[in-house]
Amino acid sequence: MEQTPIPSFDTWTSIFLIVSSLGFFLSFILSSHKTGRKNNLPVILLILGFSLILIQYVFFWTNYESIYPYVYCFDSSWYLAFGPLLYSYITKFYSKSIRISWGHFFPAIFSFVINGYYLIKSDGFQNLQEHKGEFFFHLLWSLRSPWLIATSLLIYLIISKDFIALFKTEKKSQYELLRKKWTHFLFILFLIFIVSYISYYTLVRFSFFNAHWDYAISFSMAISIYGIGYMVYREPSIFNGELLANLFLDKEKQSELTEVTKNEFYNQLLGYIETKKPYLNNELRMVHLADNVGIPSHLLSKLINEKAKMNFNQFINEYRLIEAKKLLLENPNVSIKTIYFDVGFNNKATFNTAFKNKYNCTPSEYKRKNAKVEFH
């Protein structure tokens, strides 16, 4: 009588358990970035789903499958969600106003529901074979087909590339060129993931396939998924900051931007400031502004110095002072403390000094002067 292998961990399975833990940690870190959480949600879910799948792999390799059967079957649901998650991320990346239909997630949601149904009905997947003749059981195993999942992944890779093609223009800006290189890198990582997935279900049919092949394929899948997550972590607002510029923008070209490109970046900056008013945020920093306008912070600093003839703090304070002057005129009964805090200053002394340097009087004097004019 064949004995059931005793569940146990070895060096490799222990490493994979750590790798899956890193995935959970990475998804948590991405979730903690308030400014990028909404945009990065598809990648957060992608990493979280893969980390759960990786734990399932570990349980399979260590023979804990028989002890914890309820962790199984949901891997197919996550795989069906990965394609739509990539597509959702790409659409947000190119246009935050575009939202994909929930219908893209219907197969994954339906798979989750059926798996949940049999999780309860089969006592945690322990008595699953007792339901073989049922219609929903056959539907469950149809949705678990690796070739259906592979087809879904490839289709969404293709339609994501087609979506990007809609944004092609004859005259490419520096921003668009960087964005193109980043999405190309993103697609390579996701393609590695797809190839790894297909490789497993192809090679497993051959006699030479063993646990080491399985480990290698799983490692390549982990590297591609976590690679995407790490890049997004370094770019919390989806394509901003210094990392991409350091990776994709030639160092010599960084210091030799054309005047047209500089004007384009500067107009992009002014447009964002005038519409979104980021200067009202008391905690605004150079890196925050760079994240939101899609210009690396070191280039943004250089651009402000050259175009506005002032440093970052002076540049931002100019907008704050204009806003403060407006509030002093429109709301004479509001305290100066409330006004300077509402426009982005953190203390009265800095506000008073900056206001006096610009308008040749203190905020209190300006307030009194205009109160007298209004009275007369």
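Colleague: Leaving aside its neighbours within four places in sequence, which residues is serine 122 in contact with?

Modeller: This is a predicted model, in which local features need pLDDT of at least 70, side-chain atom pairs count only at pLDDT 80 or more, and totals for chains, interfaces and linings use all residues. Residues are numbered from 1 along each chain as its sequence is written, and side-chain values use heavy atoms, with hydrogens and water left out. Serine 122 sits in the loop between α4 and α5, where helices are DSSP runs of H or I with at least four residues, numbered from the N terminus. Taking contact to mean heavy atoms within 4.5 Å, serine 122 touches, beyond those neighbours, Asn127, Leu128 and His131.

Colleague: Is serine 122 buried or exposed?

Modeller: Buried means under 20% relative accessible area, exposed over 50%, and partly exposed in between, with a 1.4 Å probe and protein chains only. Because its relative accessibility is 0%, serine 122 counts as buried.

Colleague: Where does glycine 103 lie, and how far in space is proline 84 from glycine 103, C-alpha to C-alpha?

Modeller: Glycine 103 belongs to the loop between α3 (74–94) and α4 (106–121), and counts as partly exposed because its relative accessibility is 37%. Although 19 residues separate glycine 103 and proline 84 in sequence, their C-alpha distance in space is 9.5 Å.

Colleague: Which helices do the buried residues of α5 pack against?

Modeller: In α5 (residues 135–143), the buried residues are Phe137, Leu140 and Leu143. They line one face of the helix, because seen down its axis they fall within an arc of 125°, an arc taken over the directions from the helix axis to the C-beta atoms. The helices that these buried residues pack against are α3, α4 and α6 (146–165).

Conventions
Helices (H or I, at least four residues) and strands (E, at least two) are DSSP runs, numbered from the N terminus.
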